Amino acid sequence: MNRRELIQSAPTAAAFAVAGDLFLESGAARAQQIDPLRGHFHPKGKAPSTHTLEVLRQAKAGLPFADTRDFEEQAKGLIASMTEMTIPADAGHVAWDMERFRFLDQQDEFDSIHPSLHRISRLNNNYGLYEVIPGIYQVRGFDLSDITFVRGKTGWIVFDPLVSAEPVRAAWALFQKHVGQGLPVSAVIYSHTHGDHWGGVRAIVEEADVRSGKIPLIAPFDFMDFTVSENVYAGNAMNRRLFYQYGLLLPAAPHGYVGQGLGQAVSAGATGLIAPNRLVTEPIEEFEVDGVRMIFQNTPNTEAPREMNTYFPDMKALWMAENVIASLHNIYTLRGAQVRDPLAWSKYIADALYRFGLEAEVMFASHHWPRWGNDRIQDVLRGQRDLYANMNNQVLHLANQGVTINQIHNVYEVPKGLQEKWYCRGYHGSPQHNARGVIQRYLGFWDCNPTTLIPLSPADSAPLYVEMMGGAAKILARGRDLHDAGKYLLATEIVNKLVEAEPQNTEAAELLADSFEQLGYQQENPGLRNSFLAAAYELRTGIPQGNAASSSSPDVIRAMSTELFLNFLGIRMDGRKAEGMRFTMNLVTPDNGEKFIVELDNATLTNIKGFQAANPDLTLTINRADLEQTMMGAKTLDAQIADGTAKAVGNVGILKRLAAIMVDFDPRFEIMPGTKARTADTGAFVETGVPDKGDPYQAVPRQSIAE
Ligand SMILES: [Zn+2]
């Protein structure tokens, strides 16, 4: 088992296959003892309770199902459905599989899926080529995101080439078959920095054509600085958390994974990145792209650190990137990310409304489907503007009256008028976790009660709770009562204490799993649903182990600046093993003219760009292009020095000593107590940490996480 391979599998559908295999192994043994629920993928899975059914019934009664415009807009302009339900990856596995989401269309409702979530998942089952207006086309349902083709003077201008190459190639083939007239790609535009908007670019353009300037590749300013940086420093933790937010171990099934709100899933093909050759730097910039007049609106620090909308004045067509989709988006992202700025987001939507939206006749984006007609466009833009502004303003309104991060999700409500608009429903962000995110942005994690200021770790405080509550048996009995009464949050509150205090207590783990599962069924938001169901899965099965296909992307490593790489080495270094070590090193990369001081002192590895120490222990000179080979794990630093590619003057031994205290992060760390790697038959715990023998100077991050 190579832990790097698992890291690499994390945001891909390959992880589903891994989970499936492992599940069958452990599931078969247990299925004999427990009568499994028919149709549930897990032998310990439970049906929705009467309480859950009632929650879903009430939710349905309050939702605006009479408004069917989304279904009309989603279906409008269909040119051709995609007939092959799967798209193979070049590496031999399946890159994309829509077959597994067909069950969503086969029933009008499921008692284990929130009716609103079922609705968006049906809408996301669109799978084919669509006309937006004559000259603008979208292929939808080939990935988490949509790919868009705009007719230029000489060819097709491509917006946002998905996550991976194989779905892009399939989309291009479908498009060419019906519309493309054999014309080539004449330009590519990345709307923003997230991986589902550029990862498949190598399927449609040659890098040489971009480098030579033959094909313009346009992106917002600072694009390369932000494509990778958002996901590097805490990347391993984010990858682990994706298993919760994106439900990576859950099979697509009525009691499991039912889509991701933004789209059905993330494709698992080959990812790559080509750097843009033209950046949009001004707040508003107008220029022609292959003869098409475009007005670009930079919207930094909204849905992504760098993002831009585009208006086509001659077609009255407005591209809102991912700033306006058919959902409330994330202010806070459950996989972990810096909290976004809802006020800035709202203002950029307002700017687009008054700059372009008063005359636009069609509005489209990189997820979901277009809106036609100026009234509809204005309604959506105004609603989205107010959604983010309201969340910002009213959460702070409440915070200024003493409502804390631990209460706000139970106090703040989206205004009723917005709740009745489908495009304001929480299919990616939820009002609950976003409201907490707004407080986090402005006030941080602390609710100002000193009890929570430097609290004990859960495992340290839980035993006292268990003792004071009268022991495991009493907690289990009361927890069972609460569970049976449908008070699932109260049940999790006390049973979680027992799980924290007694991680090996199977009965406690299973009762907690049962409560999480009901809470999962009740959620409208896929991230919340997946998180509850993922925790239930791991409590029941343990964290799966296994091999997964590698999809490492050298392109993404190349996108890391040397400074980012050095910063990340400081995170990978185990400071506890660096006590007493000390060195100063000069690093020079002549081909790009950069130089650094890298210093280890006080158990801390630091670097500063643009400086050189007068008397370093070591001076290492290596071209950045060669350093990339080491960052990618293709060639060790030792080998670079040995063959003269790198020149080392001074004490080379410090590199070896530093390498020895670098840690390869393992994404299989435990989240729920007691879930670490149980063997299927005995239930015994197994050791998982097989040391990775990769190059210690390899840069682990590989691609931007889709969103
Ligand atoms: Zn996206």
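Which protein donors hold the zinc ion? They are D196 (OD), H197 (NE2), E322 (OE), H367 (NE2) and E707 (O), and they lie 2.0 to 2.1 Å from the zinc ion. A donor here is an N, O or S atom within 2.8 Å of the metal (3.2 Å for Na, K and Ca); water is not among the atoms, so sites may look incomplete.

A word on the model comes next. It is predicted, so local features need pLDDT of at least 70 and side-chain atom pairs count only at pLDDT 80 or more, while totals for chains, interfaces and linings use all residues. Residues are numbered from 1 along each chain as its sequence is written, and side-chain values use heavy atoms, with hydrogens and water left out.

Along the chain, its donors follow the spacing D-H-x124-E-x44-H-x339-E. H197 sits in the loop between strand 8 (185-189) and helix 8 (207-211), and E322 in the loop between strand 14 (317-319) and helix 11 (342-357), so this pair ties together parts that are 125 residues apart in sequence. Helices (H or I, at least four residues) and strands (E, at least two) are DSSP runs, numbered from the N terminus. Both H197 and E322 are buried. Buried means under 20% relative accessible area, exposed means over 50%, and partly exposed lies in between (1.4 Å probe, protein chains only).

Now turn to the nonpolar cores. A nonpolar core is a set of buried Ala, Val, Leu, Ile, Met, Phe, Trp, Tyr and Cys residues joined through side-chain atoms within 4.5 Å. The largest has 136 residues, and F142, V188, Y190, F516, M585 and L605 have the most contacts inside it. Helix 19 (residues 506-521) gives the most to this core, with eight residues. Take V188 as an example. Leaving aside residues up to four places away in sequence, V188 touches V158, P161, V201, I204, V205, I215, P216, L217 and I218. Contact means heavy atoms within 4.5 Å. Apart from this core lies another, of 39 residues, including L353 and L528.

On a 1 Å grid over the protein atoms alone, a cavity is a set of points where a 1.4 Å probe fits but cannot get out; a pocket is an open set with protein on both sides within 12 Å along at least five of seven lines; lining residues have an atom within 4 Å of a point. Points are joined across faces, edges and corners, and a volume is the space filled by probe spheres set on the points. The second largest pocket has a volume of about 480 Å³. It has 24 lining residues, and M224, A275, R558, A559 and E628 are the closest to its centre. Helix 9 gives the largest share of this lining, four residues.

The whole structure holds 11 cavities of 30 Å³ or more. The second largest cavity has a volume of about 130 Å³. Its lining has 14 residues, and L566, L569, M585, L637 and Y697 lie nearest its centre.

Last, look at two loops. Most residues other than glycine have a negative phi. N301 has a positive phi of about 60 degrees although it is not a glycine. N301 is in the loop between strand 12 (292-298) and strand 13 (308-312), and is partly exposed at 44% relative accessibility. N602 also is not a glycine, and its phi is positive, about 55 degrees. N602 is in the loop between strand 18 (594-601) and strand 19 (604-609), and is exposed at 64%.
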